[in-house]
Amino acid sequence: MTHQVRAVVARGKGAPVSLETIIVPDPGPGEALVKIEACGVCHTDLHYREGGINDDFPFLLGHEAAGVVESVGEGVTDVAPGDFVILNWRAVCGQCRACRRGESWYCFNTHNAKQKMTLLDGTELSPALGIGAFAEKTLVAAGQCTKVDPTASAAAAGLLGCGVMAGIGAAINTGNVGRGDSVAVIGCGGVGAAAIAGANLAGAAKVIAVDIDDRKLETAVKLGATHTVNSKNADAVEAIRELTGGHGADVVIEAVGRPETYKQAFYARDLAGTVVLVGVPTPEMKLELPLLDVFGRGGALKSSWYGDCLPSRDFPMLIDLYLQGRLDLDAFVTETIALDDVEKAFERMHGGDVLRSVVVL
Ligand SMILES: NC(=O)c1ccc[n+]([C@@H]2O[C@H](COP(=O)([O-])OP(=O)(O)OC[C@H]3O[C@@H](n4cnc5c(N)ncnc54)[C@H](O)[C@@H]3O)[C@@H](O)[C@H]2O)c1
Ligand SMILES: [Zn+2]
Ligand SMILES: [Zn+2]
């Protein structure tokens, strides 16, 4: 059997997205069909539409989603119809060299659905990050479904599926922020704001938010920033050093993805401190640093894919903290929109007006 559902498709490079009817197959072995309840609009969806990821058009966009499992294929035991799940793009294989050494958050062979979703004329769709959730229903590998407490709001929960998890994980997993640490976050959009919330959860004593937009700094304070720096008017490195006794922060998280902000992060950390790059650069960007500074300042320079998260470990825990009122996921939901408003949400993203627009179905 197949299902005909409405979905947001990017047909060509730079072209506005369109709402289309697509065909979703019933789940085969190891797959799950999920009825989507909410899906956030992430920068990466826009990258796909602009051809910045690859040329495998048409794309089925959307990948920060929560919903309810409708049916599962043969051999699926971890999730069952009726389960409330967050979709993830790290369904770990259990067999690659990273998984075998017990570091499955680095899994090099993650799973997606094997069957293809198509347009009505049979053209195969490429789902964004193997998910494709700006759709009434989507087909994923069962391992991409992580069961969480169903009393959580779908709009808030879905955000853990990408950007918010990337930010929180950049602080708690990659940066290994601990009690009493000083942390600076450069770029306080959805990802950076989440890094601030993560640093706060981990017990950081000082959390310095840096952005060029005062609106972002205001939200950062709501999420636990203790100090703010508008780096349009001030030197970010000087300001962070001044706020940390002249030394720099223990952990600096770069959540913009540009060489100039990476350099700020590099010089704004204390000796032997950690830099975490969670912002995603574009292929033409280059970084130049004195190698002696790389050596002489010691410490760790790390990058963070998806916040080095393990969905089965991190999603249920973070949803529990959310339900206890210790992690304000609702603060990331700037607006809820309909499936045919995704193009408008891309425009608002450009204007810097939102942390997240979330499609609610
Ligand atoms: N590593 C991952 O797994 C992962 C996952 C999702 C997103 N990302 C990436 O994280 C980055 C941030 O994503 P987002 O959704 O928060 O984007 P966003 O556009 O919401 O936020 C970017 C923020 O950076 C600020 N900014 C821009 N230039 C700046 C500068 N020179 N100095 C200081 N601040 C500056 C902007 O004002 C904005 O608040 C993007 O590169 C995105 O692709 C990474
Ligand atoms: Zn693996
Ligand atoms: Zn994303």
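Okay, hi everyone. Before anything else, keep in mind that this is a predicted model.

Let's start with the ligand. Where does ligand 1 lie relative to domain 1 and domain 2? Well, domain 1 (2–161 + 328–360) and domain 2 (167–304) each give residues to its shell, so ligand 1 lies between them. There are 29 residues around ligand 1, and the ones that come nearest are Ala166, Gly187, Gly189, Val191 and Gly257. Helix 5 has the largest share, with three residues.

Now, helix 4. Is helix 4 mostly covered or uncovered? Mostly covered: 12 of its 12 residues are buried. Among them are Gly163, Met165, Ala166 and Asn173. Just past the end of helix 4, look for Asn176, which has a positive phi of about 50°.

In soluble globular proteins, nonpolar side chains tend to be buried together. In this model, the largest nonpolar core holds 120 residues, and Val183, Val185, Ala195, Ile196 and Ile253 have the most contacts inside it. Both domain 1 and domain 2 put at least three residues into this core.

Let's zoom in on Ile196. If you ignore neighbours within four places in sequence, Ile196 is in contact with Val185, Cys188, Val207, Ala209, Ala220, Leu223, Gly224 and Ala225. Thanks, that's me done!

Notes: Residues numbered from 1 in each chain as written. Chains lettered and ligands numbered in written order. Predicted model: local features only at pLDDT ≥ 70, side-chain atom pairs only at ≥ 80, totals over all residues. Near = placed C-beta within 6 Å. Helix = DSSP H or I, 4+ residues; strand = E, 2+ residues; numbered from the N terminus. Domains from an automatic or database assignment. Buried ≥ 20, exposed ≤ 12 C-beta atoms within 10 Å, placed from the backbone. Core = buried A, V, L, I, M, F, W, Y, C linked by C-beta atoms within 7 Å. Contact = placed C-beta atoms within 7 Å.
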